[in-house]
Structures are given as C-alpha cells and as structure tokens.
Amino acid sequence: MTALIGTASGGAAPGTPPEAAPVARNRRRWSPYLLLLPGGLWLLLFFVLPSVQLAGTSLYDRSGSLETGYQQGFAFSNYLDAIQAYWPHLLRSAVYAGIATVICLVIGYPLAYAIAQKAGRWRNLMLVCVIAPFFTTFLVRTLAWKSILSDNGALVEFLRGLPLIGDDFRLLATPAAVICGLVYNFLPFMVLPLYASLERLDGRLLEASRDLYATPVQTFRKVTLPLSMPGVVAGTLLTFIPAAGDYINAELLGTPNQYMIGNVIDSSFLVRLDYPLAAALSFLLMATILIMVFAYVRRAGSEEVV
Amino acid sequence: MSRFWRWVADHWVMAVGILVLGYLFLPIVFVFLLSLNRPTNRLSYDLSDDWTLDYWLHPFGTAGLGEALRLSIGIALLATLVAVVLGTLMAFAMARHRFRGRGAANVLIFLPMATPEVVMGSSLLALFVTLQVPLGFWTVVVAHIMFCLSFVVVTVKARLAGLDPHLQEAAMDLYATEWATFRKVTLPLVMPGIAAAALLSLSLSFDDFIITNFNSGTSVTFPMFVWGSAQRGIPREVNVVGTAVFLVAFVIVALVQLRSRRQAKALRAAA
C-alpha cells in the first residue's frame with residue numbers, strides 16, 4: 001500500500017542526498033552512473049528507442065504494406081488523414097476521460113478525506129479496501145460490470161421502476177456504462193494521492209479556522225482545498241492519462257459508437273495492419289494528453305508534479 | 001432535531017466515503033457470485049437461479065486456463081525479479097547522489113508512467129517487428145520489466161528519502177566498512193520499500209493486458225485468456241480464479257499490516 005501512495009506522491013520528493021564523504025570521492029563521482037546504467041539502458045532500449053521509431057513509422061509512405069515494406073518518408077499527411085478519419089474518437093477519448101476524472105475527483109475527495117481525517121483506527125483497513133480492486137484482474141472485474149449493468153440485472157430493473165424512466169431504459173452499451181467503468185477502474189489512482197496530501201494536513205489549522213468563525217464551507221475552500229492541491233493535481237493526472245488511452249471499457253461495456261482512440265490504435269495495429277496510420281494516432285494521443293496536462297498543470301500552478 | 005443535524009454534519013463525509021468503498025467492492029462481490037452461478041447459456045452475463053459449487057471444485061475444468069495462469073505467474077515472477085534489482089539500483093542513484101544529468105534521468109523514469117499503455121505496447125511491437133524478433137514469452141517479459149521498472153524506482157526512492165542519514169553516519173563512525181554499513185544498516189531499512197515495490201510489480205505484471213496483447217504473439221497469459229474467451233462466452237471458472245487471486249492478495253496484505261502494527265507496538269513498548 002505504501003507502494004501505491006509512494007508512487008503517487010513520492011515522485012515529486014526530491015530527496016536530500018547526504019553530503020559526500022571526503023573519502024573515495026572519485027569513486028563516488030562515478031557510482032550514480034554505474035547504478036543507473038542497467039535500468040537506464042533498459043528504458044532507453046525498450047521505451048525511448050521504440051518511441052523514436054514510432055515517430056519515424058508515423059511518417060512512412062502509406063503506399064507500402066507490412067509485407068512489401070515501407071518507404072521512410074516525411075508523410076505528414078498521415079497525421080491529417082488520421083485526424084480526418086478519427087477525430088470523433090480523439091474527441092470522445094478526451095471527453096470520456098475528462099468526465100470520468102471529474103467524477104473520480106468528486107467522489108474520491110470525500111473518501112480520501114474520511115480515511116485521512118476521520119477513520120482513526122480504521123484507516124489502514126479502509127486503505128486496503130481502496131486498493132482491493134487491484135487484487136482482482138482488471139478484465140475480470142470489468143466483465144463483472146457487464147453483469148451489474150445488464151438489461152436483465154437488478155439495477156436496471158430497479159431504475160425502470162422509477163417514475164420518469166422509460167421501460168426501454170438501459171445502461172449497458174451506452175456512454176454512461178463506459179464512463180462508469182473508467183471511473184471504477186481508475187478511482188484508486190485518484191484516492192491515493194489525495195489521501196497522501198490530506199493525511200499531512202495539520203488538524204490544528206482546521207481548528208484555527210473554526211476558532212476564527214469560518215463556516216465549514218469557508219474552511220474547506222480557504223484551508224483544506226489549497227493545502228491538498230498537490231494531491232488533486234497528481235490524482236487528476238494519474239486518472240486522466242490512463243483513462244484517455246484505455247479501450248477495454250469501451251470495448252466491453254460500450255459499442256462501436258462509444259469506441260475511443262485506443263480502440264482505433266489497437267485495431268489499426270493488430271487487425272488492419274496499417275502501421276503508419278496507427279503510429280500517427282499514437283502520437284496524436286500523446287500530444288493531446290501532453291497539451292491537456294501542461295495546460296492543466298500551469299492553471300493549477302504546481303510544478304512539482306513532473 | 002438539531003442533534004440529528006449535528007450528527008449528520010459530523011458524519012456525512014464518512015458516510016459518502018463508505019458508499020464509495022461500496023462502489024469499489026460491488027464488482028468484486030459480483031465476481032464471487034458469478035463463480036457460484038451456472039449461466040443459462042454460454043454468452044450470458046446474467047445471474048441465473050442455478051447455484052453451484054462445481055466451478056470451485058473443478059477450477060481448471062476449462063481447457064487452457066491452467067496453462068494461462070501458470071504462464072502469467074512465471075512472467076510476473078521473472079519480470080519482478082529483474083525490475084526490482086534494476087529499479088533498486090536506480091533508486092539508490094536518484095536518492096543518494098547529486099550528479100549531472102539527474103534531471104534527465106528523472107524524466108526518463110517518469111515518462112513511462114505518463115505514457116498510455118496502448119502507445120507503449122504498440123511502439124514496442126513496431127520495434128520487435130522491425131528487428132524481426134519473434135513475439136512470445138521473452139518479448140512479454142522484456143515489456144513487463146520496462147513498465148514495472150519506473151514504479152519500482154519511485155517506490156524504493158520514497159522509502160530511501162524517508163530514511164535518517166544519521167544512522168549510516170553512526171555506522172561509519174563505528175568503523176563499519178561501506179559494504180558492512182550497506183548490508184547491516186541500509187538494506188534492512190530499505191527492505192520494506194523493496195518488498196512493497198515487488199508486490200506492486202507482481203500485480204502490475206500479472207494484471208497487464210494491453211501491452212501484453214501487443215507483444216505476446218501466440219502466448220496466452222491469464223488476461224489474454226479472459227479476453228480471448230470473451231468472444232465465445234467467458235467460462236465461469238475465470239471468476240473462481242479472480243476470487244481466489246483476490247483472497248490470496250487480501251490475506252498477504254492483511255498479514256503485512258498486522259506484522260507492521262505488531263512491530264510498531266513492540267517499538268513503543270521498548271521505548
């Protein structure tokens with residue numbers, strides 16, 4: 001559990017290296033590079049190199065094919081083609097992931113606050129419950145939502161019984177189902193960083209605010225929320241990024257009308273074998289995410305995330 | 001009446017929190033129920049009235065499930081072992097040293113966590129295809145090590161940053177060699193961080209579908225098996241495995257929690 005919280009919040013901690021002992025200075029100067037070498041090489045070979053190559057692939061001349069080989073070119077038109085053909089999917093990814101992130105924040109904040117400030121001796125148990133979904137395979141629990149939201153399930157039956165809701169009301173295979181799946185799957189990524197920043201919140205500040213006759217709403221807006229801002233920023237990023245790239249929820253809980261950009265990238269690579277277009281789409285996805293992340297981080301005024 | 005509202009004001013946050021936890025647990029409950037339920041037809045996801053223990057008694061009755069599970073466990077163990085060793089070394093470099101290029105290294109470690117899986121998976125696939133590396137067990141292991149690595153670094157680094165540097169100075173003052181200091185002081189103190197990183201890495205690797213789907217060729221891991229059978233109707237045995245994995249993980253975490261609580265108590269008693 002500390003692991004996940006560390007992942008969420010620890011990334012920013014710069015860590016203060018102790019002063020180098022005067023002995024063996026020369027050896028110390030090289031040791032960080034030696035320590036970094038194997039892992040760094042792994043990341044360079046299997047993360048950076050493929051990304052660079054993908055950038056090249058996205059500019060291939062699309063007249064070739066996987067069998068006959070492609071001609072390396074500077075076909076920026078691939079990007080135009082990709083946007084023209086799939087802009088609804090890109091937009092849908094951003095919108096679905098955005099809505100899911102906002103819902104995660106709204107329902108995740110009270111949960112994180114309850115664990116950090118109100119749970120007392122139940123704190124650890126509640127934290128374990130937050131990460132419990134991780135213990136069941138991602139696909140298996142997403143498939144379970146298929147049963148929960150099913151047309152013949154108890155939930156839909158109950159909702160149909162309510163006034164104002166028609167008999168043809170359904171949840172499965174709608175945008176609501178896809179967003180519900182996204183919220184469910186990425187909620188822990190929101191709660192854990194929020195918890196990490198709320199846990200550090202000094203209870204005396206809240207008392208001071210109360211003593212100065214602030215209403216609970218004022219205390220929240222002027223004290224709690226600003227102090228938990230690093231957690232809010234980290235949580236929204238950790239939720240939005242995987243949600244924007246996800247395609248499992250759209251595939252299992254939606255229909256082709258709900259497909260997101262991930263579905264298109266997946267099928268372009270694995271089914272249609274149109275590598276240049278798929279690569280261009282991957283880069284568009286990355287660019288969309290990076291633009292939104294940077295705009296957001298600047299708005300939120302926090303530099304310690306990256 | 002005003003007492004009632006006071007109570008509501010004090011407890012609504014907790015009430016909302018518990019509701020949200022219920023939302024997180026709902027699918028797990030359903031996975032368990034589905035594991036005890038015989039579907040009316042193969043493609044149905046609905047609960048029927050036919051309850052049975054058959055799937056629990058014969059969890060590997062479906063062809064391919066056992067092999068897939070074994071393959072997933074093997075890949076997870078191997079990838080975790082390598083990722084933990086490489087990642088811990090990197091964490092030491094990042095937490096203990098100031099050096100040229102530290103910022104660049106930080107970005108290199110952060111980026112894989114900020115990249116959508118579909119992008120990482122597809123770019124690796126393109127690389128393997130270009131280099132004509134046959135897809136299979138080893139390409140999956142390579143990919144899993146890659147995406148587990150950053151999480152290991154961040155987890156171990158967080159633990160290292162929280163350590164008191166005076167402890168090591170004390171050891172050195174007592175004439176411990178650098179190696180002895182590392183083995184007798186630093187390593188035991190970092191161990192909980194390494195264990196947490198290993199658990200995280202195991203679960204990330206075991207659970208991964210998207211990157212694996214791109215790079216597995218014909219190998220079938222457990223998530224791949226689930227995905228493949230989704231078209232033909234999910235065998236309910238999958239839910240047995242899902243529940244069992246959940247229970248095992250829950251017990252492990254509970255034991256770790258209990259132990260650390262007992263240790264804390266012992267420390268307090270000793271002080």
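Over all chains, the structure holds five salt bridges, a salt bridge being a side-chain nitrogen of Lys or Arg within 4 Å of a carboxyl oxygen of Asp or Glu. This is a predicted model, in which local features need pLDDT of at least 70 and side-chain atom pairs count only at pLDDT 80 or more, while totals for chains, interfaces and linings use all residues. Residues are numbered from 1 along each chain as its sequence is written, chains are lettered from A in the order in which they are written, and side-chain values use heavy atoms, with hydrogens and water left out.

| Asp207(B) | Arg141(A) | 3.4 Å |

Helices are DSSP runs of H or I with at least four residues, numbered from the N terminus.

Across the interface of chain B and chain A, the rule finds one salt bridge. There, 88 residues of chain B are in contact with 90 residues of chain A, where contact means heavy atoms within 4.5 Å. The two chains bury about 8100 Å² between them, 77% of it on carbon and sulfur atoms; buried area is the accessible area (1.4 Å probe) lost on being put together, summed over both parts.

Helix H7 (residues 175-199) of chain A packs against helix H1 (residues 2-35) of chain B at an angle of about 110°, with the axes 11 Å apart. Axes are lines fitted to C-alpha atoms over the stretch in contact, and angles run from 0 to 180 degrees between N-to-C directions. H7(A) is therefore roughly perpendicular to H1(B), a term for angles of 65 to 115 degrees. Among the residues making this contact are Tyr184(A) and Tyr23(B).

Notes:
Helices (H or I, at least four residues) and strands (E, at least two) are DSSP runs, numbered from the N terminus. Angles under 35 degrees count as roughly parallel, over 145 as roughly antiparallel, 65 to 115 as roughly perpendicular and the rest as oblique.
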